[in-house]
Amino acid sequence: MAIHLQNIKKYVFYPLIRARVCRVWIPKQNGQATNFNCLFVNREGGTIQGSAKSRDVAHFSSIITEGDYYEVKNFYTFENRYMNIVVSHEAVIDLKSDTKVTHLNSLPLSIPRYYFNFMDFTHVLNKGKESRLLTDVLGRLKAIQPIEKILVRGQTLEDKREFILENIRGEELRITLWGDIARSFDEASLAEQDSPVIVAFAGFRVSEFSGSANLIGTAASLWYFNPDIPELLAYKHYYAQIPVDIHQLPPSSRAILSLETQINESRRTIREILCMDPFEHKNERFTCKAFIVDYDLFKGWWCESCPDCNKPLSGLPNNLRCMEHDYPTSTPVPWFRINCIVRDGQDVTNFLLSGKTVEYFFNASAHHLVFDKKFTDPFIVPPQMIEKLNKTKIFQLRFGAYKSVLSRCEIYVCNIFDDIATEAYINPASPIKVADATGPIATGVGSSIPFTSPTPNLTDPLSVDQSQKHTSPQKDTFHDSCHRQSKRALIFNDSGPHDSTQLPQPRPLKDYADSSKEHLCEDDDTPGPGLSKKQHLSISSTEKEKN
């Protein structure tokens, strides 16, 4: 006898179920199918997900059709621990090659063709944002944006498409598709639909954009035009006497025609940036060709962030708090937040690096550097960061929020590009891996090149007038060195970047609980000499005594 879907438990073998397949989705990565998924529904309204591995995608795609009725025999279940779940069932049916799936012709009329768990537009942001359960919505398609290419984190071009959905109360909801999901949308099928076009979007993740809800496509996202469901009748009746058309959304501000267009966007010098009114230009992006000469370590290079939103936590070490989520319910996450001292050959200022942009730039996450490589001291700079000093880059920038403590707006780095006049742009598919501060760098193609820490160049990377340099590098005093960390953005009179190769080797990092037992591992990623604010001061003091 077939068992009811709602009675199925996790990690149990079952001999038989009979159910209708109301939804089928096959996630893809770079165009390749990763697994096969379907949603079973029975006459009692119970639902459960079935899933097969990538090797069995072709098999189940050929025998399972959305909307048909099936008998499934001899299967196991496992726990539904997906990050984003389609239905709130504790178990998932494990579809294997030996699972017997038989098509049944006698379809009971009481089994629905579709299954949706629609959420009202008003509650999408409050209820859907914190839930693992993906969101389904229904509405009239009011506007659509043609597919466009967006540069994501300054690294890759990705396809994007947006929709505006409207409910009967006139409330609007924005829906965004990316990558393979965006490319799978069939405009030809949309053109065949009668007006008004009512669409059910199913399996979407809720995010927030500019204070409003925004649905983001997932691997399980599907959409249905004018589905035969009871909820459709109210829309058909309401719009029967109202002429409606589907409008076309304008291209987004982040859409680009080419990588070169993005890199050359509103090119400014540091002097021009410092003369810009942050409030007048708060919604603009601009670029600057410059190089990082040092890191302002007044607050270190990493901070503890909220595990939910990655915003920096504030308060005492034992009483950290997020301004949005209050006290974190889990362990804080290490997060890049670095004030970089940059120069373009004429002027100097600070740029703020934070989040994923920094991870791509350094080819490492803050979590990896702190926990795996033991750079727990935020004032000791890892070799991945030292390697980026004194190298010309194109910084894409915007003004951040006003900081009352600083009485100014931070200049926030959105993306970082290599100078395409001489190099290709940063490609995360072929990362550079720093092996050691004095060892070779693996290039990813079977070869390696010697690596040495950055040293002061006889010629500035941007061809600075050599007459501006000091005639004697020993004129720096201990007092100047002490204040350089805090005043570098305003007073920059060094002849060039600091010579990090002259710094002493840092002591091995030790665990705070047992400072005598912890040692750094000696693999090919062992951290090399670090650069710290304290070491700058000690070096200057030593030089003074020698003189």
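Here is a short walk through this protein chain, from its overall make-up to a few individual residues.

The model is predicted, so local features need pLDDT of at least 70 and side-chain atom pairs count only at pLDDT 80 or more, while totals for chains, interfaces and linings use all residues. Residues are numbered from 1 along each chain as its sequence is written, and side-chain values use heavy atoms, with hydrogens and water left out.

Let's start with the whole chain. Its secondary structure comes to 12 helices and 26 strands; these are DSSP runs numbered from the N terminus, with helices being H or I of at least four residues and strands E of at least two. Of the 547 residues, 45% count as buried. Buried here means under 20% relative accessible area, exposed means over 50%, and partly exposed lies in between, using a 1.4 Å probe and protein chains only. The accessible surface comes to about 29100 Å², and carbon and sulfur atoms account for 51% of that; the areas come from the Shrake-Rupley method with a 1.4 Å probe, and for residues only the protein chains shown count as cover. If you take contacts (heavy atoms within 4.5 Å) between residues at least 6 apart in sequence, 67% of them join residues at least 24 apart.

Now to the interior. In soluble globular proteins, nonpolar side chains tend to be buried together. A nonpolar core is a set of buried Ala, Val, Leu, Ile, Met, Phe, Trp, Tyr and Cys residues joined through side-chain atoms within 4.5 Å. The largest one in this chain has 36 residues, and those with the most contacts inside it include Ile-273, Trp-301, Phe-351 and Leu-397. Strand β16 (residues 286-296) gives this core its largest share, 5 residues. Cys-414 counts as buried because its relative accessibility is 16%, whereas Cys-275 counts as exposed because its value is 67%. The structure holds 0 disulfides, a disulfide being a pair of cysteine sulfur atoms within 2.5 Å.

Finally, some backbone details. Most residues other than glycine have a negative phi, and most peptide bonds are trans. Tyr-11, in the segment before β1 (13-25), has a positive phi near 55°, and its side is exposed at 54% relative accessibility. Lys-374 also has a positive phi, about 65°; this residue sits in the loop between α9 (366-372) and β20 (380-381). The peptide bond from Ser-195 to Pro-196 is cis, with omega near 0°, and Pro-196 lies in the loop between α4 (187-191) and β13 (198-209).
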